[in-house]
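Please keep the sequence and the structure in view while reading.

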Amino acid sequence: MAKITMREAISQALMEEMDRDPAVFIIGEEVGVWGGTYAVTKGFYDKYGSDRIKDTPIAENAIIGAAIGAAMVGQRPIAELMTINFAFSAMDYIVNQAAKLRYMFGGQFMLPLVIRAVGGGGRQLGATHSQTPDAIFAHFPGLKVVSPGTPEDAKGLLKSAIRSNDPILFIEHATMYQVRGDVPEGEYLIPIGKSKVQRPGKDLTIITYCKGLELSMKAAEELAKEGIEAEIIDLRTLRPLDMGPVLESFKKTNRAIVVEEGWKSYGVGSEIVSRIYEEAFDYVDAPIIRVAQKEVPLPYNRTLEQAALPQVHDIIDAAKEVLK
Amino acid sequence: MKKEQLLDLYYQMVLIRRVEERGAELYQAGKIGGFMHLYIGQEAVSTGLIAAREPRDRVITAYRDHGVALNCGIAANEVMAELLGKSTGMSKGKGGSMHMASTEKNMWGGHAIVGGHLPVAAGLALGDQYAKNDNITICMFGDGATNIGYFHEALNLAKTWGLRVLWVCENNQYGMGTAVERASAVPEIRQKAEGYGMKNGQVDGMDVVKVYEAASEAMNFIRKEGQPYFLEIDTYRFRGHSMGDPERYRKAEEVKKWQENDPIGIFNKYLLDKKVTTRKALDEIETRVEEEVAKAVEFAESSPEPTMEDLYADIYADN
């Protein structure tokens, strides 16, 4: 096992897949000469050249639209959105085209397309550049939505996404590129659509993903000092959603909280809680609590921004509440 | 063009007309649902254009797509079955009037979001550029689509990257019910291509031979230069925007004036004046089309509905 950063893990996945399959190319704003806004594709332009690392105009419709077209005729583009907030500019292409073309034309088209997008708040970028709209995209059948919380998962899931024949939105978190974690030596793949127990425990279940995983792991350490053992389930993929490990854990602990960075209303937590009530109602010992972002556009001021984002102490408080 | 080819174009134009006339009847009878946009009046445009392509060249269009589908070689049976939502339609009854495609015939869809398919067309051409072939993508759209942002992003990308796209604006004078000059800063649409330094041309879309010639010239340029080309084709739809259009935005005299320039009538006269063929031969084509359309309706009506298993099929390629 080697300890690498999230950035290195994603970069390695991209490079390994580009080396393996000449149909894979990268298209997006500042992915080439600049080296990627978050330096994920640093050095790629020199290695692969302008045909395979395509710098685009600032035109999200053109980026995602062109990636869809190229995928339809057999290439395997990886489109990068500088931030997921710009996905709203390309909304038609993500939800009206990528998610629907295969079904609507009776299965004639294949769309082996990955859209990488950076999401999340916490960098004082203001309301329009700090959102976590994952649930919106997970709403649409036809799209797959993946959002890893560890370097190991990021690498293995991204490689699987690139090899998949379906359109996949791959959401990374802006504050997690420096997160370090163990990654297996050599090539490995992690299947899309599988939740995972990231920490075993017996007292309550924390269901989370991406940034929420980082926060939940810290909260679980604190809780352990007080003798509370939280089991953490990392969803990893939001669509298709794998409820298996969630329900298995809940049937053991009978108590749960859901942690996400997005807003609470109509969010990922809302979906998970509904599913637990629908599928494991007899096992519920306490109301399930959702820990999520406050219902405000995220402010610039650091104190206010942090107050709006879910924090480790919010998770600890929720865990204790659910155990009362 | 040789005689056989000219007669084939005539056959295709009559086929589109009759398929759509029958389609309109079936729509009125409640057998076709949703939106249905007829191509009647515009047949010379796609017929002339697509005649100029090689089979390896791709076609993508908007929602007014029945004619384009037929020109690309999709059988009338399949077009009619898709209109009726049957499992034997090319999109298995899941796409309907606005979503006809056939990868086999290199027809990449009718697309129902105005302007939405333009960046996708750039992408088809990007895929071909990446594969280092010189296939051309013919992308058709209406005048209305040239006012939406997608159009400008797609044209800019095509010129910047040297994508082999033939952009075809079918200017039928109205974006739904809004006349071109009420919606577009420049009524002569091709001027928009000038803004992107893109070579462009304009042609009378009621004359199939002229369309064919203009398209051939444009495609020669694209193939040779590795650059896009913008072709504005002036035409007119004789029917409403879609079924059930009250047509309050135009006068009956205007429609009548254009109908005197019926593209099928013009071509019929051309074939006789130039002594390409006889009236009898043209009548025979008409009869052949009538029979083919009758069979297509029979095929569609007797085809099975999609099953409940089909409801969940083809959402994803991987399980």
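Two residues are said to be in contact when heavy atoms of theirs lie within 4.5 Å. The model discussed here is a predicted one. With that cut-off, and with neighbours within four places in sequence left aside, Ile64(A) is in contact with Ala79(A), Leu81(A), Ala90(A), Tyr93(A), Ile94(A) and Ile115(A).

Domain 1 (2-183) and domain 2 (196-323) of chain A each contribute at least three residues to the core.

The division of chain A into domains deserves attention next. The C-alpha centres of domain 1 and domain 2 of chain A are 26 Å apart, and their contact takes 33 residues from domain 1 and 28 residues from domain 2. Between these domains an area of about 2200 Å² is buried, 53% of it given by carbon and sulfur atoms. On the side of domain 1, Gln124(A), Thr132(A) and Ser147(A) lose the most area to domain 2, together 24% of what that side buries. The count of salt bridges between the two domains is 1. The side chains of Arg236(A) and Asp153(A) meet in a salt bridge, at 2.8 Å from N to O.

The contact takes 45 residues from chain A and 43 residues from chain B. Tyr103(A), Phe105(A) and Gln108(A) supply 19% of the area that chain A buries against chain B, more than any other three residues. Across this interface there are 2 salt bridges. Asp314(B) and Arg102(A) meet through their side chains in a salt bridge, at 3.8 Å from N to O. Several elements of chain A, including strand E2 (24-28) and helix H4 (91-98), each supply at least two residues of the side that touches chain B. The largest share of that side, 9 residues, comes from H3(A).

Definitions and conventions
Residues are numbered from 1 along each chain as its sequence is written. Chains are lettered from A and ligands numbered from 1 in the order in which they are written. This is a predicted model: local features need pLDDT of at least 70, side-chain atom pairs count only at pLDDT 80 or more; totals for chains, interfaces and linings use all residues. Side-chain values use heavy atoms; hydrogens and water are left out. Domain bounds come from an automatic or database domain assignment. Buried area is the accessible area (1.4 Å probe) that two parts lose on being put together, summed over both. A salt bridge is a side-chain nitrogen of Lys or Arg within 4 Å of a carboxyl oxygen of Asp or Glu. Helices (H or I, at least four residues) and strands (E, at least two) are DSSP runs, numbered from the N terminus.
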